[in-house]
Amino acid sequence: MKHASSARNLAPYLLALAALLALAAWAVLHFAEPAPPKVVMMSTGPLDGAYHAFALRYKAHLAQYGITLELRPSAGSVENVDRLKARRDGVSLALVQGGIANAENAPGLVTLGSMFYEPNWIFYRSEKDIDLGNQLRGKRIAIGAPGSGTRAFGLRLIRDTGLEGPPTVLSELGGMAAAKALEAGKVDAVFYLAAPDAPGVQRLLAAPGVRLLGAKRAEAFARRMPHLHKLTLPEGAADLARNIPPRDLAMLAVTANLVAVEDIHPVIVDLLLEAAKKVHGGAGLFQRVGEFPAPRDLDLPLSPDAERFYKASPSILRRYLPFWMVVWVNRFLVVAIPLLILAIPFFRYIPALYRWTTRRRIYRWYGELRFIEHAVRRREGDPAAQRARLKQLEEKVEALRVPLGYSGELYALLLHIQLVREMLKELSSN
């Protein structure tokens, strides 16, 4: 019975706690970050390019968590940025070449970090080696399709090296089409700005009669354009058996960056960067293990969620809880923590309030007992009626159910009732 009484005493406080939790749940549903979207649109690049190939691997990773990454092929980085800025077709994510977008020309976009290097590959057909880009003057050069990052970079490189204008002929070919055109002799040189995995790059590295031009003045270009990196392709790195390239080659490169709209969901950021670690975290021709993804080349603001990922990945919750449970826990904590801070003073006073209400149930009877005692001492009133009132009071007190820790105070009240009864009995006998 005492346990039941304790439960009844605690009931108001438990109800208050339940109400607070219900308020937190309601706030989560109405004000916290919404659940992650089930479908995310990503602008990639040409179907035969590295961007699209990498995006397919991201898609497979997100599918494990019930999220569909829908891919929208494009001409390349320039078109990707245009789609992101306009949110065309619902696109909220894209791979973008370094140097294309920045905080001024692409407001409302954030970067999730750099994913990999994109070297500038210049393939050419010639009877003899050449070592400077301006030696391609007068040649037919494929500089990439309109809307591609390759074309934007190629035009800048051609202008800076004095290749612009006749007799040089520029062809707006990119991807595999450019590689086939070089093999067929329809162009004399091809510009790529692409990862080593790009199909066109892989094809031309193995093509007979095709040479790779090194960036002899790479350091000078890197000084003029801060988003460029100077890399070295070691002798034989592309093909040890055929010793391709036949010597160490300096190369220019940019980084490919994962760019998103600024309100992209935090869970999507986590999943994308997890995928990026799997896809890009290994060693390659130009990178060490674990070098990518990384918060580098921050022409755009770094997403706060990406920054958190790089500092602590994976989160403690992700290590021990299923994915969707983590989503709801995170949403709950966003609201619950502020509510808890507000509720701390309330919980601090709960023990004192509990003691006060429990003792009040005992002490409230002392008022009636004192009234009877004063009447007995003054010999006022009917002794029989006073005895009856004492009996009723005693029955009510005996019916009280209080926690064990308050039994002493209850027994003290019963003892005081007995003392008044003895007083009444003694005075009645005189």
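Q: Helices (H or I, at least four residues) and strands (E, at least two) are DSSP runs, numbered from the N terminus; where is the place of His52?
A: His52 lies in helix 2, which covers residues 50-63. This is a predicted model, in which local features need pLDDT of at least 70, side-chain atom pairs count only at pLDDT 80 or more, and totals for chains, interfaces and linings use all residues. Residues are numbered from 1 along each chain as its sequence is written, and side-chain values use heavy atoms, with hydrogens and water left out.

Q: What is the mean pLDDT of the protein?
A: The term pLDDT is the predictor's confidence in each residue, from 0 to 100. Its mean here is 84, and 84% of the residues reach 70 or more. Over residues 1-5, however, the pLDDT is below 50. Beyond near neighbours in sequence, that stretch has seven contacts in the model (heavy atoms within 4.5 Å).

Q: Why is His52 called buried?
A: A residue is buried when its relative accessible area is under 20%, exposed when it is over 50%, and partly exposed in between (1.4 Å probe, protein chains only). His52 has 8%, so it is buried. Leaving aside neighbours within four places in sequence, His52 is in contact with Thr44, Gly45, Pro46, Leu47, Leu71 and Pro73. Across the 430 residues of the protein, 45% count as buried.

Q: Why does Arg370 count as exposed?
A: Its relative accessibility is 54%, which is over 50%, so Arg370 counts as exposed. Arg370 belongs to helix 12, residues 350-377. Arg370 and Ile417 are 47 residues apart in sequence, and their C-alpha atoms are 9.5 Å apart in space.

Q: What makes Asp297 partly exposed?
A: Asp297 has 22% relative accessibility, a value between 20% and 50%, and therefore counts as partly exposed. Asp297 is found in the loop between helix 8 and helix 9, and has a positive phi of about 45 degrees although it is not a glycine. Pro293 also has its place in the loop between helix 8 and helix 9 (304-311). The peptide bond from Phe292 to Pro293 is cis, with omega near -5 degrees.

Q: How do you know that Arg379 is exposed?
A: The relative accessible area of Arg379 is 54%, over the limit of 50%, so Arg379 is exposed. Arg379 sits in the loop between helix 12 and helix 13 (383-398). Its phi is positive, about 55 degrees, although Arg379 is not a glycine.

Q: Which are the buried residues of helix 3, and how do you know that they are on the same side?
A: In helix 3 (residues 77-86) they are Ser77, Asn80, Val81, Arg83 and Leu84. The arc is that of the directions from the helix axis to the C-beta atoms; here it is only 160 degrees, so these residues are on the same side of helix 3. In general, an α-helix has 3.6 residues a turn, so residues three or four places apart point the same way.

Q: What makes a set of residues a nonpolar core?
A: Its members are buried Ala, Val, Leu, Ile, Met, Phe, Trp, Tyr and Cys residues joined through side-chain atoms within 4.5 Å. The largest such core has 75 residues, of which Tyr58, Trp121 and Phe123 touch the most other members. Helix 8 (residues 266-280) gives the most to this core, with nine residues. A second, separate core of 21 residues includes Leu136, Ile141, Ala189 and Val254.
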